[in-house]
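Keep the viewer open while you read.

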Amino acid sequence: MKTFKYILTAVFLGATLLAQSQVLPEIELGAKAVVSGNINMDDAGAASAVADFSDSQILLGFRQKLYSNWRGQMVFGMQFPDADSDLGQVFFNHVFVQVENQKNIFKLGRSTTQTIINEFPTLRDDDALYFTYALNPFSVGANTQDNQYGNVLEYTHIFDQRYWFTIHAENYADLSNPTSFKLNGLGGSFLYIVPETQVWNRNILQRAGFSYNSYLTDRPGYTGYAQALKEMLGALTFNVHPDPVNFVDLRIQGIYNIGFSEIDSLNTYEEYVRSPSVYFYSSVRYLRRKLERPKFQTSAGFGYRSFSQVDASNQWIGIFNMFYRLGENFDFGFQYRYQHNKGQSGLLFGNAAHRFQLTLVYTIDHVFNSQFDDRNSLLNLEHGYMK
Amino acid sequence: MNRKEFLQFGTMGMTGMALFPANLFAEETKKANLDKFPSRLPYTKNGDWKEFHLSVNITQQELAPAMKIHTLTFNQTMPGPEIRVKEGDKVRVFFKNNTELNHTIHWHGIYVPWRMDGVPYVTQMPVMPGKEFVYEFTAEPYGTHFYHCHWGTLLHMQSGMFGSLIVEKDDDPIKKAFPYDREYTLVYSAHDVNFLRNELNGMLERMKERMYMMQTGRFDPEWFNLFDSMEELQKAIANGYQPPYLVNRRAPADLPEPNWFTVNGKSYPSTPYLYIKTGETIRVRLINAGTENHHLHLHGHDFWMVCDDGVPLPQPWQRNTLSLSPGKTYDIIIEGTNRGIWTFHDHDTRRVTNNGLYPGGNLMALVYEDLPEEERVIQPMKKMKMGNMNKGKGRDMLPKIALDE
């Protein structure tokens, strides 16, 4: 069998070289540098200042049409994680292959997990992590990437351009068993999403949906699926003022962590993520556009988390930010975050923390060697999908 | 036959014979071929006026088998239907915009009143989405002309917004000099399909926003990039406005590089055939509605170039190649004097490619309908002494459509 494999590889290799006809794919380059000066203050008045470039990343994607007119894609992405994340200097947050057509997407590899079903206007994706993500119960909380990325196996079917039905399985990072790559997460979601090219002129509803996630833990005293930690997510985004110049939207996401009823304290991070809880995050955003481009954005968000099995413990967070576009792709911004942790959550995270950030953000996303259209282009959406 | 001779013979066979389908002479092929020429736009008479109706839609066009693109088309055909009138006719064209983009119609080569010339912000406001504009003019001068959109011209013409406009007269000087039996119209274009797709998407996005702003009474010169005067533009720049052509608003993009070349909206092997019979004379109206020069060459014949931009030439030119530059029309006369199947193609062979692959593009053929049966048979491969090349292939002739040489 090994010999056969070798011959097969050699035959394909030879054919490609002989024909000199390898199709040069579309090449997508995405990059984001987020550099901020942070001032952190706790409730005792102790302050610290850090230069923070976490969440900066580079993405490189390659995409081409297959013989069947499906599209095949691979993506490599690397991210600079927090300095104390135990992930090293660079974290490969995307290494996946995807095959898709108009209505179906198969995805396999390291990528974002279905632990969030809405998007919020914060400086970094993890700024309100404990309120916006269904948290990975296998994580020890040393970093945020454990909750955002995993090794995923996903299938999505898209109905009528806007209804996304996804079933997925994951291998979440499990620091207690870091060499295990078995699937330890299962779930599904159903989302209504207005394509980005049509968002600004759609009244009222921009996004709605729900998701069910389960994590195959080793819950003591239980067997089979009863061992699993289960979470349910729901999301809504409203176009409060859909307008190309002054755009306002309201976003909300709620998560119900069914959790393990036997956990009634928050002494460790493991108890924190496995304790039954209900939490949500909501934001209102104002976007000012000029000359058909974003010019200024400000938003305010609020999140709350309560623990049904833990007495007098809850958390809340408030985030306010504003960003000003200095040029194409280049933004200057300010963000203030306050998080309050009451009861046992305060013992885990500290009672309160202020964070002030001044930031410069540079973001690019460009496709070289363009060959075909995106599913959500206006031509494909409104004038017939071109295979 | 030595190796060199073999290669020469083989090459001749493939390029000379193998490009056109075997059923060229079938009645159904001839009938289907008629659809590859612009259809006549019907009119109604209203007093002295001949009234035509044109509309524009976003449609899909198959350039070649399995190759489709989104296009902007007059009356959902590419090219648009042919308007054919008599010199001196009063012409009224009702133009309805069924897209979310702006458009106009420019009557290329026609002596229209200047308000009917179809140049946005010069002779008229653009015809906005859902709106209608009525063009009125007297059909003059005589000759082969065309019409096309003059809004976002680079994009809209490549996208398919063009059509032939023929002004006839009873005592046609060409007909007198060269009594011809039939005539054909060929409209050439060139398309950078990636440019088309990306720009059309971008323009649709922008126009959705702009129309919404117009409807809500918020016209903004800087947003729309429209100024009443140079002074107003200079003042806006002094106040921080950045024109959209600067690199701080737009990457220094390359100009479109066409990679598909069409005749009457089709690329080889879907291009039309020019049928002729021995002893017949045909008139071919050539229109370049694209952005590229086309050096058109007819095999096995000379032809007479008889009109330039519709104007009859005092002395017709005998030649076998002409250069059809953008915006140009020529009329040529071909006399059926050399029976066969003759290639008629752009001798800038970059334009006889599909996505860079020869053969393709505007490759087409002059086909003698009266070619005897025995001459229609392309050399059987066994007679070409090509050894075992065709063994087991289930055929004794070369295939007739080559997609890759």
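## A leucine in a loop

A:Leu291 is partly exposed because 14 other C-beta atoms lie within 10 Å. By the rule used here, a residue is buried with 20 or more other C-beta atoms within 10 Å of its own, exposed with 12 or fewer, and partly exposed in between, with C-beta atoms placed from the backbone. You'll find A:Leu291 in the loop between strand 13 (277–290) and strand 14 (293–307) of chain A. Helices (H or I, at least four residues) and strands (E, at least two) are DSSP runs, numbered from the N terminus. Though not a glycine, A:Leu291 has a positive phi of about 50°.

A quick word on the ground rules. This is a predicted model, where local features need pLDDT of at least 70 and side-chain atom pairs count only at pLDDT 80 or more, while totals for chains, interfaces and linings use all residues. Residues are numbered from 1 along each chain as its sequence is written, and chains are lettered from A and ligands numbered from 1 in the order in which they are written.

B:Asn75 sits in the loop between strand 3 and strand 4 (80–86) of chain B, and counts as partly exposed because 18 other C-beta atoms lie within 10 Å.

| Cis peptide bond | Omega |
|---|---|
| B:Tyr268 to B:Pro269 | near 10° |
| B:Tyr358 to B:Pro359 | about 0° |

B:Pro269 belongs to the loop between strand 11 and strand 12 (273–276) of chain B. For B:Pro359, look in the loop between strand 19 (341–346) and strand 20 (364–368) of chain B.

## Chain A overall

Chain A has six helices and 17 strands. Its C-alpha atoms fill a box of roughly 70 × 60 × 40 Å along the principal axes. A compact globule of 387 residues would have a radius of gyration near 21 Å, and chain A agrees with that at 22 Å. That radius is taken over C-alpha atoms, and the globule rule is 2.2 Å times the number of residues to the power 0.38. Of the 387 residues of chain A, 33% are buried.

A:Asp146 is in helix 3 (residues 145–148) of chain A and is buried because 25 other C-beta atoms lie within 10 Å. Leaving out residues up to four places away in sequence, A:Asp146 touches A:Asn136, A:Ser139, A:Tyr172 and A:Ala173. Contact here requires C-beta atoms, placed from the backbone, within 7 Å.

## A sheet in chain B

Chain B has an open sheet of six strands in the order 11-10-13-18-15-16, with mixed pairing. Two strands pair if DSSP finds at least two bridges between them. Strand 11 (260–263) and strand 16 (311–319) of chain B are the edges, each pairing on one side only. Within chain B, strand 10 (residues 182–191) and strand 13 (residues 281–288) run parallel, joined by seven bridges. B:Val187 stands opposite B:Ile287 of strand 13.

## Where the chains meet

How many residues does each chain bring to the contact? Chain B gives 20 residues and chain A gives 16 residues. On the chain B side, helix 5 of chain B supplies the largest share, 12 residues.

Notes:
Two residues are in contact if their C-beta atoms, placed from the backbone, lie within 7 Å.
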